[in-house]
Amino acid sequence: MHCIRHIKHWLIMSAPLLAVLGVIHFQIGSEADIVQFFQAERVQSPQLASWLAWFTSWGNSLFYVIYAVMVFRAFRSRDTSRKRFVFVWLGAQLVIALLAVHFTKMTIGRPRPGQGEWFEPLTTRGAQHSLPSGHTTEFTGWTLPLGLRYCLPWLSVLLGILLAVMGFSRVYLGWHHPSDVFFGWLLGSVTGLAVTLLAPRKS
């Protein structure tokens, strides 16, 4: 029963982002067309570009505060379930959002939008670190554990919308291809599901 509920909320949270990526793909076309489309859009809508740049820079930071508060409350209340959740989440986030993402970026060496077409495996150049989207991986790793821990429809919808905005911002601003965002979401989902399995909430 809990497994079905968690899958349901994972789908609720993922649906907005996947819908955005689907619309971009089917309405605009190839990833080369998408790059050109959003280049023009940034010129036409500088205010939207500025707002999305702010969100993509500071969106993850919001959750630093949320999780810091959770750590403080866990130790203050001596809530072992909450402590376990926070520390399992921290370990999973470090392994996946930090180590796995950077290892994958350097190993694959996919060029960022507008930086050419040739892959450059085993590179340290940031211009070749497009796949996967680290921001999307990290943001999914922030939001999904919370959504699956509480399983509240309104919270899952809210977190899903924020995740969609983060993913969209990476494409709109020309930092990532849609497929980079998709694989970032997949990696971040591993964090959320791992935390849910290893640190379940007490009923």
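As the model is predicted, I require pLDDT of at least 70 for local features and 80 or more for side-chain atom pairs, while totals for chains, interfaces and linings use all residues.

**Pockets.** I searched a 1 Å grid over the protein atoms alone; a pocket is an open set of points with protein on both sides within 12 Å along at least five of seven lines, and a lining residue has an atom within 4 Å of a point. Points are joined across faces, edges and corners, and a volume is the space filled by probe spheres set on the points.

The largest pocket holds about 260 Å³ of space. I find 16 residues in its lining, with Arg5, His6, Leu148, Arg149 and Arg201 nearest the centre. Helix 1 (2–28), helix 5 (134–150) and helix 7 (178–198) are the elements that give two or more residues to this lining. Helices here are DSSP runs of H or I with at least four residues, numbered from the N terminus. Helix 5 gives the most, with four residues. I sorted the lining by class and got eight nonpolar, four polar and four charged residues. Nonpolar covers Ala, Val, Leu, Ile, Met, Phe, Trp, Tyr, Cys and Pro; charged covers Asp, Glu, Lys and Arg; the others, Gly among them, are polar.

For the second largest pocket I note a volume of about 220 Å³. Its lining includes Glu31, Arg110, Glu117, Phe119 and His177. The classes are four nonpolar, five polar and three charged.

**Cavity.** A cavity is a set of grid points where a 1.4 Å probe fits but cannot get out. I find one of 30 Å³ or more. The largest cavity has a volume of about 30 Å³, and Trp10, Met13, Ser14, Thr140, Thr143, Leu144, Leu163, Trp185 and Ser189 line it. The elements giving two or more residues to this lining are helix 1, helix 5 and helix 7. I count five nonpolar, four polar and no charged residues there.

**Nonpolar patch.** On the surface I find a nonpolar patch of Phe75, Phe87, Leu90, Leu94, Val95, Leu98 and Leu99, with about 660 Å² of accessible area together. Areas are Shrake-Rupley values with a 1.4 Å probe, and for residues only the protein chains shown count as cover. Patch residues have over 30% relative accessible area and no salt bridge, and nonpolar side chains (Val, Leu, Ile, Met, Phe, Trp, Tyr) are joined within 5 Å, like charges within 9 Å. A salt bridge is a side-chain nitrogen of Lys or Arg within 4 Å of a carboxyl oxygen of Asp or Glu. Helix 4 (residues 80–108) gives the most to the patch, with six residues.

I looked up two of its members. Phe87 has a relative accessible area of 47% and Leu90 has 37%. Both count as partly exposed, the class between buried (under 20%) and exposed (over 50%). From Leu90 to Gly141 I get 9.6 Å, C-alpha to C-alpha, across 51 residues in sequence.

**Backbone.** Most residues other than glycine have a negative phi, and most peptide bonds are trans. The peptide bond from Leu131 to Pro132 is cis, with omega near 0°. Leu122 has a positive phi near 60° and is exposed at 72% relative accessibility.

Notes:
Residues numbered from 1 in each chain as written. Heavy atoms only, no water. Buried < 20%, exposed > 50% of the residue type's maximum accessible area, 1.4 Å probe, protein only.
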